[in-house]
Amino acid sequence: MAIDWKTKSVLIVDDFGQMRMAIKSMIDSVSPAQVDNVGNGEDAMAAMLRSRYDLILCDYNLGRGKSGQQVLEEARHLELISADTVFLMITAEALMPRVLGVIENRPDDYLTKPFVRQVLLQRAERAMERKAQMRELNTAIRDKDLDRASEICRASLEQKQRHALDQLRRLAEVHVEFGNLAQAEPLYRQVLARRELPWARFGIAKVQFLNGQIDEACAGFQGLIADNQHFVEVYDWLARCQQARNENEAALETLRTGTKLSPDSLRRQRALGDLALTLDDRATAEKAYGSAVKLGRTSAFRAADEHLALARIWAAQGRAGEGLKLLRETRAMMKKNPLEEMRLTLGEAVMHQDAGHQSDAKRLLERATESYAEISGAVPAETALQLVETSLRLGQGDLAKQAATEVARNFFDQEDIRHKLHELYADDKDQGEIQALLTATREQVARENNQAVALFRGGDAEAARVAIESVAKQAPRSLEVNLNAARILMHLIDQGTPKATAYRFRIEEYLRQAQRIDAADARLKHLKVRYEGPPNTLAADRG
């Protein structure tokens with residue numbers, strides 16, 4: 001099919017002005033509607049916030065600041081590019097780690113410098129043609145109409161369209177994302193029945209892992225690596241399998257190999273550091289966390305974890321001053337992320353306490369406590385537990401009890417959190433009193449949540465709404481309660497309630513809160529599909 005360039009908008013990202021102008025000259029020869037060019041990753045992100053582009057040509061190595069890899073990762077994460085956007089990565093790197101870093105992030109294609117106009121246009125047009133043939137499917141997926149998406153894939157296979165297998169891959173990945181594992185695996189097997197493609201084998205192994213078929217998944221991942229040792233993403237999943245089988249030393253070696261092959265993945269470096277620290281391999285942990293900290297300086301995926309871990313390692317080496325400096329500087333950089341700033345503040349408070357700086361430790365704990373009260377979004381269980389633990393270490397018993405009670409209330413249905421709370425108070429002089437308080441708090445919320453669910457299943461949805469919204473006020477950070485509240489309100493809308501408009505606002509807030517708590521939860525994804533997709537009824541959910 002012919003590409004109508006006169007309707008296309010193009011963004012060129014390269015840190016060398018002459019290269020930008022050379023690429024622009026090549027693109028200008030086909031007269032696109034719009035051609036913008038920028039010299040760094042930060043300006044690229046700003047350009048994508050202002051405009052939607054049909055084609056992005058981005059250099060991998062952008063000098064100081066964000067790399068091309070980070071631009072692609074963050075643009076997808078922030079939804080600045082759609083499934084219809086073509087992203088071509090350009091690299092002058094011939095070294096295997098850089099090439100694998102490019103491939104791992106799955107741009108639509110990549111070009112190695114130098115290249116000529118004909119090659120650039122050929123690659124861009126081929127990618128745009130593929131996107132055009134995927135557009136109907138992508139529209140159905142955006143509309144959460146997965147039945148329609150399945151029909152499109154079936155028709156493509158019957159008509160033997162060129163990109164039919166790509167469509168099956170896209171639909172299978174969406175099913176995995178939404179937790180529909182039973183729908184995903186047959187799609188991957190349909191692909192393998194037609195052609196032996198590594199990504200389809202990888203998809204089956206992932207589904208097996210997520211279904212708890214650990215041995216089968218492990219064998220699948222090992223087979224993929226045996227056939228192609230440069231399939232980098234497989235190493236992450238194989239390590240997860242090995243950890244699930246308590247083969248932690250093997251998992252460490254797997255992650256170490258993955259980071260050698262493609263060292264610029266912040267999350268892989270963080271995972272390597274975490275596992276190495278668990279195994280008391282402090283040299284590997286320090287190196288991995290150091291790499292993660294460096295990569296995170298220009299990344300939207302920067303988190304407190306790697307900074308806290310590295311600072312603690314340094315403190316154990318007698319370098320507490322360097323650790324405190326790292327946390328202080330990182331905290332200043334994370335002011336736009338109150339949750340991560342709070343976690344860093346707590347970590348800094350503990351390090352000051354250990355160094356004998358009591359007044360500094362108390363001041364920082366007070367600041368973290370104020371942040372905890374002010375944060376409107378969900379605070380993860382681990383962060384809430386960190387507040388409890390820090391308060392106990394600094395001798396602030398009343399503050400610890402208040403925070404612990406809130407943890408018991410918000411995470412009433414999570415046994416692992418209950419055990420961690422009990423462990424924190426194991427040596428406390430008021431252990432019995434505190435444990436009784438936490439148990440009573442947890443049981444009360446669980447009882448009221450279960451009563452609301454029982455009313456819903458019994459057919460009294462309005463009484464269930466009143467009950468669950470009362471629980472939601474007590475436990476606003478509970479994933480279980482937010483999901484139940486959203487489900488009940490959706491059912492009332494399906495039943496034709498005159499308060500549908502008001503309920504929609506509340507449903508969206510419950511779903512947003514659940515998203516903050518655990519964006520990967522399969523139940524949440526299911527509810528979002530039902531809420532955002534074609535009209536349906538939730539009556540079946542009462543069972």
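**View 1. Lys-144, a buried residue in the loop between helix 5 and helix 6**. With 19% relative accessibility, Lys-144 counts as buried, because that label goes to anything under 20% relative accessible area, with exposed meaning over 50% and partly exposed in between (1.4 Å probe, protein chains only). Phi of Lys-144 sits near 60°, a positive value in a residue other than glycine. Helix 6 covers residues 146–158; helices here are DSSP runs of H or I with at least four residues, strands are runs of E with at least two, and both are numbered from the N terminus. This is a predicted model, in which local features need pLDDT of at least 70 and side-chain atom pairs count only at pLDDT 80 or more, while totals for chains, interfaces and linings use all residues. Residues are numbered from 1 along each chain as its sequence is written, and side-chain values use heavy atoms, with hydrogens and water left out.

**View 2. Ser-31, another positive phi**. Here phi is about 55°, although Ser-31 is not a glycine. Most residues other than glycine have a negative phi. Look for Ser-31 in the loop between helix 1 and strand 2 (34–38). Ser-31 is partly exposed, with a relative accessible area of 38%.

**View 3. Asp-14 and its surroundings**. Asp-14 belongs to the loop between strand 1 (9–13) and helix 1 (17–28). At 0% relative accessibility, Asp-14 counts as buried. Its side chain makes a polar contact with the side chain of Lys-113 at 3.1 Å; the term covers a pair of N or O atoms within 3.5 Å, where within protein one must be able to donate a hydrogen and the other to accept it, and residues adjacent in sequence count only if both atoms are side-chain atoms. Neighbours within four places in sequence aside, Asp-14 is in contact (heavy atoms within 4.5 Å) with Met-19, Arg-20, Val-38, Gly-39, Asp-59, Leu-62 and Lys-113.

**View 4. The cis peptide bond between Lys-113 and Pro-114**. Omega is about -10° for this bond. Most peptide bonds are trans. Pro-114 is in the loop between strand 5 (109–112) and helix 5 (117–142).

**View 5. Zooming back out to the protein**. The protein has 26 helices and 5 strands, and 49% of its 543 residues count as buried. Its C-alpha trace spans about 75 × 65 × 45 Å along the principal axes.
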